[in-house]
Amino acid sequence: MAVLFVAVLVLLLLVLCLSSALLLRWNEVRFSKKKGLPPGTMGWPIFGETTEFLKQGPNFMKNQRARYGSFFKSHILGCPTVVSMDPDVNRYILMNEGKGLVPGYPQSMLDILGKCNIAAVHGSTHKYMRGALLSLISPTMIRHHLLPTIDHFIRTHLCNWDSQIIDIQLKTKEMALLSSLKQIVGPESGSISGAFMPEFFKLVLGTLSLPIDVPGTSYRRGFQARKSIVSILRQLIVKRKESKESHLDMLGYLMNTEESNRYKLSDDEIIDQVITILYSGYETVSTTSMMAIKYLHDHPKVLQQLREEHLAIRARKKPEDPLDMDDLKSMRFTRAVIFETSRLATIVNGVLRKTTQEMEINGFVIPKGWRIYVYTREMNYDPCLYPDPFSFNPWRWLDKSLESQNYLFIFGGGTRQCPGKELGIAEISTFLHYFVTRYRWEEVGGDTLMKFPRVEAPNGLHVRVSHLN
C-alpha cells in the first residue's frame, strides 16, 4: 500500500512538472508568433514573471540583461512589457512622449490612483493638468504659502523626540502624509487625518500589486481604501461649495482653476489630483528622509558638514524664526545630500510607457498596447557617470553641472519630470534642518532594509534620539 501511495505521488509530481513545462512553452510560443520582438521570456500565462520580478528585483533585471542584452521582453504586473536598461534608448523614450508613447502605469496603479490623475493622462489633458499643478507649487506659492505651512508643521512634528527610541520610517511616513494634507486642505486636515491616514497606507500598498480583485489581496484592500478616501474628499468639497468661503490652500486653488487657466476641473479630476499629489509626495519625501537619516548616521563627516550648514543658518535667526526661501537657497550641501540619497538608495527604479501603435525602437518591433519599462536604476551606479558609485559622496553634487547631465532620471525625465521636485526638496531640507539642529541619534540595531520594489524597512528603522546640547 505504501509503495502504491509513493508511486501515485511520484506520478502526480511528474504530471505537474510536465503540465508546468507545457504551460510555459505554450506561453512562449504564443508570443513568438509576433515578429521582430526583442529576446526574452514571458513566464506563466496571466502572471508572467511578476513573482520573480518582485522577489528578485534588481537581480532579476541583471540576470535577464546578462542573457538577452539591455533591451528585452518580459511579462510583469499583468502586461507584456519590454524592459530598457540602455541609457540612450531610455533618454529617447522619455523625450518622445506623444510619438506613439503615452504613460503606461500598471492597471492596479491606474485603478487606485484614478484614471484622471496626471500620471495617467496625456496630450492636451496632461498639459492643462500639469499647468494647474505647476501653479500650485510655483516658487511664489512655495515662498509665501507652502514653506510657512511646512515649517510650522515639521517644527511641531519633531517636538518631544528627546530621550526616545523612535521608528524613523514611521515618523517620516507620518510627516510626509500629514504635511502634504496640511498644504492641500489647510486647517481641515486635523479633522480628517485620523480616518485618512490608515486608508492611505493601504492605498499605497495596493498600487504595486497584481490587479486581482478578490478578498485578502493588496489590490482589493487598496481599491477599497481609495473608495474611503474619495468619500472623505468629496464630503470636504461639498462642504466648501456650500460655505462659499475662499481657501488659500491647494484644494481651494483646484476648485477655482477656471479663474486661472480657463479650464474648470470636475470634482472627480480634483479628487484624483489630490490623491496623486499625496501619493507622489509621500513616497519620495518619506523614503528620502528616512534614508538620509540612515546615511548621515553611517557617515559622520557628512553629518558634521550638514550640521554646520544648518547651525550657521540658525545662528542668523531668532529661535522662533521660521525658515524662508533665502535659507533654502543657502543649503547647498543639504541639496547635495538629498540628491546623493536619492541616487544611492534609488527611491524610483524607473517609469512606464505604453505604445499607442506598433513601433520600432532599438531595431525591434514593439506591438501596440505593450508597456515599456524605462529601468533607470542601474544608471545610478554607472561609474562613468558617478565615480566610485556605491560610496555615499554628496560632495559630487556640488558640481551643479551634474544636475543637468543627460542621464539624470532621479526625478523622471522629458515632459514627465516630477513637477513637485523643488517642493519635495524644500520639505526634506526643512526636516533635516530641525532634526540635525535639535538632536543626535544612534541606530538601535537589528533592522533590515529592502531596496525593491520599494525602499523600506519591513520591521521599521529604530533610532535612539537625544538632545544635541
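Trainee: What should I know before reading the values?
Mentor: This is a predicted model in which local features need pLDDT of at least 70 and side-chain atom pairs count only at pLDDT 80 or more, while totals for chains, interfaces and linings use all residues. Residues are numbered from 1 along each chain as its sequence is written, and side-chain values use heavy atoms, leaving out hydrogens and water.

Trainee: Which residue does UniProt list for "binding site"?
Mentor: The unreviewed UniProt entry lists Cys 418; such annotations may be inferred rather than shown by experiment.

Trainee: How much space lies in the largest pocket?
Mentor: About 470 Å³, where a volume is the space filled by probe spheres set on grid points joined across faces, edges and corners. A pocket is an open set of points on a 1 Å grid over the protein atoms alone, where a 1.4 Å probe fits, with protein on both sides within 12 Å along at least five of seven lines; lining residues have an atom within 4 Å of a point.

Trainee: Which helix gives the largest share of that lining?
Mentor: Helix 17 does, with six residues. Of the 27 lining residues, those nearest the centre are Met 325, Arg 335, Glu 422, Ile 425 and Ala 426.

Trainee: And the second largest pocket, what is its volume?
Mentor: The second largest pocket has about 330 Å³. Among its 15 lining residues, Ser 246, His 247, Gly 252, Tyr 253 and Asn 256 are closest to the centre. Helix 7, helix 10 and helix 11 each supply at least two residues of this lining.

Trainee: Turning to helix 10, what do its buried residues pack against?
Mentor: They pack against helix 5 (107-113), helix 8 (168-185), helix 9 (189-206), helix 11 (250-254) and helix 13 (267-298), with contact meaning heavy atoms within 4.5 Å. The buried residues of helix 10 include Tyr 219, Arg 226 and Leu 233.

Trainee: What comes just after helix 10?
Mentor: Lys 244, which takes a positive phi of about 60°.

Methods: Buried < 20%, exposed > 50% of the residue type's maximum accessible area, 1.4 Å probe, protein only. Helix = DSSP H or I, 4+ residues; strand = E, 2+ residues; numbered from the N terminus.
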